[in-house]
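Here's a look at how the chains in this assembly pack against each other. Have the coordinates open while you read.

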Number of protein chains: 6
Amino acid sequence: MMRFLLEPVVRAALLEDLGRAGDITSEAIIPADARVEATIVARAEGVVAGLDAALLAFELVDPAVAVERLAADGAPVHRGAAVAAIRGRARAVLAAERTALNLLSRLSGVATATRALVDAISGTKAKIVCTRKTTPGLRALEKAAVRAGGGANHRFGLDDAMLIKDNHIALAGGVRAALERARRHAGHLVKIELEVDTLDQLAEALASGIDAVLLDNMDPETLARAVAMVDGRAVTEASGRITRDNAPAIAASGVDLISSGWITHSAPILDLGLDVAG
Amino acid sequence: MMRFLLEPVVRAALLEDLGRAGDITSEAIIPADARVEATIVARAEGVVAGLDAALLAFELVDPAVAVERLAADGAPVHRGAAVAAIRGRARAVLAAERTALNLLSRLSGVATATRALVDAISGTKAKIVCTRKTTPGLRALEKAAVRAGGGANHRFGLDDAMLIKDNHIALAGGVRAALERARRHAGHLVKIELEVDTLDQLAEALASGIDAVLLDNMDPETLARAVAMVDGRAVTEASGRITRDNAPAIAASGVDLISSGWITHSAPILDLGLDVAG
Amino acid sequence: MMRFLLEPVVRAALLEDLGRAGDITSEAIIPADARVEATIVARAEGVVAGLDAALLAFELVDPAVAVERLAADGAPVHRGAAVAAIRGRARAVLAAERTALNLLSRLSGVATATRALVDAISGTKAKIVCTRKTTPGLRALEKAAVRAGGGANHRFGLDDAMLIKDNHIALAGGVRAALERARRHAGHLVKIELEVDTLDQLAEALASGIDAVLLDNMDPETLARAVAMVDGRAVTEASGRITRDNAPAIAASGVDLISSGWITHSAPILDLGLDVAG
Amino acid sequence: MMRFLLEPVVRAALLEDLGRAGDITSEAIIPADARVEATIVARAEGVVAGLDAALLAFELVDPAVAVERLAADGAPVHRGAAVAAIRGRARAVLAAERTALNLLSRLSGVATATRALVDAISGTKAKIVCTRKTTPGLRALEKAAVRAGGGANHRFGLDDAMLIKDNHIALAGGVRAALERARRHAGHLVKIELEVDTLDQLAEALASGIDAVLLDNMDPETLARAVAMVDGRAVTEASGRITRDNAPAIAASGVDLISSGWITHSAPILDLGLDVAG
Amino acid sequence: MMRFLLEPVVRAALLEDLGRAGDITSEAIIPADARVEATIVARAEGVVAGLDAALLAFELVDPAVAVERLAADGAPVHRGAAVAAIRGRARAVLAAERTALNLLSRLSGVATATRALVDAISGTKAKIVCTRKTTPGLRALEKAAVRAGGGANHRFGLDDAMLIKDNHIALAGGVRAALERARRHAGHLVKIELEVDTLDQLAEALASGIDAVLLDNMDPETLARAVAMVDGRAVTEASGRITRDNAPAIAASGVDLISSGWITHSAPILDLGLDVAG
Amino acid sequence: MMRFLLEPVVRAALLEDLGRAGDITSEAIIPADARVEATIVARAEGVVAGLDAALLAFELVDPAVAVERLAADGAPVHRGAAVAAIRGRARAVLAAERTALNLLSRLSGVATATRALVDAISGTKAKIVCTRKTTPGLRALEKAAVRAGGGANHRFGLDDAMLIKDNHIALAGGVRAALERARRHAGHLVKIELEVDTLDQLAEALASGIDAVLLDNMDPETLARAVAMVDGRAVTEASGRITRDNAPAIAASGVDLISSGWITHSAPILDLGLDVAG
């Protein structure tokens, strides 16, 4: 991600950890001019993401800290692999350490979870996509981590595409009315997706014309029938409690996309640590 | 949490979702004066946390939205339980929905994970405490969620207590030197904790005097010996890859605290949804 | 627009005018408890837009000021028409006056200019759309003013749709390569538009498949040929120094959209003033 | 303008265009290491202003982009003249392009409009001054652009000088009472100007003593009489729907200043573009 | 001061005291629904200032807290006088207490110090004015406190008036050159003051014409001669280590203004406390 | 202090002084390329503090300004001593001058006042500590200045330690109940101090166990008795209208700490100025 866009997020994260007084332990104990060489090391197997944000934490605390990437976002790493080298004043490196690792391990966790789902459906044409169920404050970074893990991005917010859900349909008085109003207001570069719960709704949507359909909580057989009904006239997205176990069968139904909230809202972190050279 | 402190976090989360143009789907489809009654409902069993933040999302989007708490932070909920009622303009309710749920489900996830660990060690004197391995930007909210789940809080950042770790010891030239410098700089309301990897280090720390010791990655037997050595002269904290499975044995060692990064960095969310009345 | 999104813009505009010391003239001359009734009046014919922002200026300075809309965004007004009534403490009303009028007159100017172009092509199927050539800091407000004037919105920024221009094509090594890379990276809800300067480029784009084409600086005859080539397979947008004079001929070519930077970057304001009752 | 003061404005403008995800078109299509050499070129005749702000946009996105001024603020340029050269990573240059041009073309439009009025009254002693009818958020930049165009600045906001208008006079109960209160509260470095609609009011103001008088909406003959009445005892400012056509006659009346809202609120932009070398 | 301008300062002050976790003592000890009635009481004699800011602290923490002014800014108070009453939730009142008192006691200290100087020169025509030697972040509030104490304000910053000092004169090559350049650039509502160290410089300044002269570090006799030389052609300001002791003699020299940095940079606070009813 | 934490404070202070238009005097008079060499010089004897913040002011205005420390925070300086050298563009140096000096002289004033109290009790075991009675917005900087003056820090805010005062005790229903609730909620790294007004309260506190006691407004004899009662079981802090005169007797009572609000809320500045070389 562009450093310009990362900076406000990393700055806020640092301030949250440094508080009013900064790292009082290091300032008490470590001489001001002590220097360290450190390495960020994976403590488990996974996929790295968020290196730009993590390394920016060191640079913001002290522009004189030198950082070197030893892996790239999206790279698979094994336990023990070094992903970045950090050199600089010990106080600065330790002051940024936790913020950097919190960012890196969470975003790598998202990438690792995404990669696991992507691998589970390899050989099919389906792609794994994320949702808006992201960590408040970290959406753009998590979306980038999903890409690093081999996934694709859904819309970034409420304002960059239309996704018509059950409540919209109910309040509009039906699929047709909802779609008509959406199309009337949508700019020519705004796509419209509709969430359907039944094949009847799907038929109604297709009759009105639609860019994409979100097939919610359907079993693989129903999904296959939906895909057949759509017949290439819209992008098809399967959704609803996707796991590594059920993903292959869902992908086999022929859908274009499988969306998962789990990869952003519940992925465990990838464990990474900072090793300081003796 | 005090609303004054929550507001910047919730405001930023809303802006992230609303982008430049706001909820273009609802504005296209839903009449400006349509109103809804909605309920936030648990879709799984767990412990609720973060209600203040979640409900503030609705109020910030539209102060005229009425919110009612049906559960309190820390309350155990069953699948299907209603935790809050929301009434107001449909556009406002839907614009805030995802932000509110993202906050609530993540924080309830933290509380639920904490409660699981707390329950696992019930009957012992040990308490579950969190770490600084929190989500960037959400630390204070996650610390409150840990309390809602029955846990206790470790320090909030680098500035409100001293935690002397291996790197500090190495750069100071030993436990004694590190402790002496720490004590010289620490204000009289600042406690000092020391991370020890061996019982020899522990002996050295106790000889110098210390408020708390973090016993890192020790097995239950070593922990028990450490507790015996400490003999009430310091708070004892066990740390390192705590799980629901190994927590009881660790607690049985007699430590005062068991710290877990997992409850904040890797807890899955508690699934909650917004049901809109017909 | 949603008040939540307007507030930061209006707040910054007020701070810019009030400086450090506030309205020193009114505080010197007007008693603290003096009250006024005032009316915002159009001093020329046009279309109103930006009322939410303008009235918010009064409310932010003093929540006790009462504002009443006498016209709605998008309403055509004649010279002398009252568009809003303001009642409250004289110091507060005068402190917000210029900020409110600066917002309202500029946004109404955008709506008025848009309406003029919309009227110029009435009877054709073409729609007037805006560009990213907006006033720095006011993009979302100007986009809303364009809609109030009867126009439609292009993308809101660099991140919500892809628009492939000459530089992209040159750096990619051709239309086909550029389109292929774009399609590979674009999320399923991201549309892709391509700027073409010649009918050969258009043919190449159509062969690859494209959501929309921006036909740059073509005369009406070439546009008509382009529209015929496209034959409904993509949205067609004519662009380049659109005026009220040349718009009808361009619209007659059959394009779907005519984009104008002028309506946002060079529209004169609609003159509006605040009349204070005696 | 001082870079320190420009930075918040330019940063906000960039964020508005880059949104959450940045320039998705360029990131999809252009290799990360591709570089460009580009030139900002005038596409019409006018006066340049705002170069500092425009070039800062490139530097903020990527400090490694090299920018070179080929013209200075205030310089008259012909169609085709290069005003700045930009060299750096293609993605960075294109990400900042529109923000830079939006700032530069608007501010150059202000300078160009100012220069046109200045030229229209050359040979008289009158100066063109701006008003507070500026673009919300851009006041200081537009004031600098007015100076670049050969004009002078009126007060910057409500807090740095007193301008007593009709509403103040009415609420104070007359010119004399208003002036007396103003003088009592004004610091010794705060000047006081009074808006007068009639020569009677002018006489009253002069009797009380005043730094400057704003002669509102008077015809050239009345203005000449006003100037004679003032006889050097106050600065005289003519105001009210100034155009290039009526400005010479107004200037010939002998007023010191002619103020124009049009040069900031309704000046069309100066068309400028970015040419990327092959 | 206008609440709109106070709010950012008070908000920042509260955040500084509340930190990440808020008032942990009160939240541990005081029931959430306990209420208090409290009074802000002067513990010494002085002049009150800053009540708006102080009371806003309570309102920002909890809008339900009721505040009542029992004195006004500028009012002299005796030891034991109640200046405001506060009623509301105990946790909210105590959370805002220190921030409110820090603001109120400092600003009242400024007003009290100002009043002491004002009283010291009563009977002369001189006025006490402040300088730019104010507390970083609190300038506008301290300027208002100076007015509350009976003093007047100098310029608010570097941008609202010109003050030509020794370094400007040296870099310009003399008083005349400096004044000429200043006059050429100054807007018609910008006053120009010149600092003079000798009567020769004063003569040079008067010959060029000047709005005000700052007579720096002159003894009363020299000041009297300077006042005679000026003879009403400029405002005269005496400056330099003003104390209550030397102020009367300086005022007797006939100067218009006596400026004091001490009243803002070194005034002791006025002691005020919060008494909570039993 | 860490530059990262200083920057927001210094930036806000600069913006407050520069306003919208910046240093209009220097920009009018001083050529853009004029350079100066300047020295910050003490004009009185004292202790320096705040150099990092002061020098950052110059660097933020213009990164090309070179600053050199000639003294360190905490250094005693005599009248005439140079504490820093500044070289760079004259406009930049003068634009930052007042902000830099306002920060430096206030923080050096705090350090100087602290040092005076520290010296007054030399030879005793007592330490001087500060309070939360700091300047709004400058707390962390003033706390650092206290350390530079040889003092120690009390808690930084309401959230990093518990201090139980009379109101808490009253609302809890007694010392014991208050302490019990505090201990139940306090994290293991949070210390608890209790304010006691009488020896009876002290006895009750000691019976419950406590980290520190604030002995409020006791005379030296009572303090000595309190110290004897405590007998090393808690840190003892004397508080209440400490002056250089009464401090020695208070220190002689044997207390560990003497806290003073005066050193932060009422210390006069240390006079420092900027001398520009010819």
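A polar contact here is a pair of N or O atoms within 3.5 Å, and within protein one of them must be able to donate a hydrogen and the other to accept it. Keep in mind that this is a predicted model. With that rule, the interface of chain B and chain A comes out with 34 residue pairs in polar contact, both residues of a pair being at pLDDT 80 or more.

So who brings what to that interface? On the side of chain B that touches chain A, helix 4 of chain B gives the largest share, with seven residues. Other elements of chain B that give two or more residues include helix 1 (3–18), helix 5 (139–148), strand 7 (162–164) and helix 7 (175–185). Sorted by class, that side of chain B has 32 nonpolar, 15 polar and 16 charged residues.

Here are the counts for the contact in one place:

| Item | Value |
|---|---|
| Residues from chain B in the contact | 63 residues |
| Residues from chain A in the contact | 62 residues |
| Salt bridges between chain B and chain A | six salt bridges |
| Residue pairs in polar contact, chain B and chain A | 34 residue pairs |

Putting chain B and chain A together buries about 5,000 Å², and carbon and sulfur atoms give 56% of that area. As for the charged pairs, B:Asp271 forms a salt bridge with A:Arg241, where the closest N and O atoms sit 2.9 Å apart.

Now for the symmetry. How is chain B laid on chain A? A turn of 180° with a shift of 0.0 Å along the axis does it, at an RMSD of 0.0 Å. The two copies are therefore related as by a two-fold rotation axis. The interface fits that picture: 98% of the interface residues of chain B are also interface residues in chain A, so the copies meet through the same surface.

Chain A has eleven helices and twelve strands, and its C-alpha trace spans about 70 × 40 × 25 Å along the principal axes. Of the 278 residues in chain A, 63% are buried. Among the contacts in chain A with a separation of 6 or more, 69% are between residues 24 or more positions apart.

Terms used:
Residues are numbered from 1 along each chain as its sequence is written. Chains are lettered from A and ligands numbered from 1 in the order in which they are written. This is a predicted model: local features need pLDDT of at least 70, side-chain atom pairs count only at pLDDT 80 or more; totals for chains, interfaces and linings use all residues. Side-chain values use heavy atoms; hydrogens and water are left out. Contact means heavy atoms within 4.5 Å. Buried area is the accessible area (1.4 Å probe) that two parts lose on being put together, summed over both. A salt bridge is a side-chain nitrogen of Lys or Arg within 4 Å of a carboxyl oxygen of Asp or Glu. A polar contact is a pair of N or O atoms within 3.5 Å; within protein, one must be able to donate a hydrogen and the other to accept it, and residues adjacent in sequence count only if both atoms are side-chain atoms. Helices (H or I, at least four residues) and strands (E, at least two) are DSSP runs, numbered from the N terminus. Ala, Val, Leu, Ile, Met, Phe, Trp, Tyr, Cys and Pro count as nonpolar, Asp, Glu, Lys and Arg as charged, and the others, Gly among them, as polar. Buried means under 20% relative accessible area, exposed over 50%, partly exposed in between (1.4 Å probe, protein chains only). Copies are superposed by least squares on the C-alpha atoms of residues with pLDDT of at least 70 in both.
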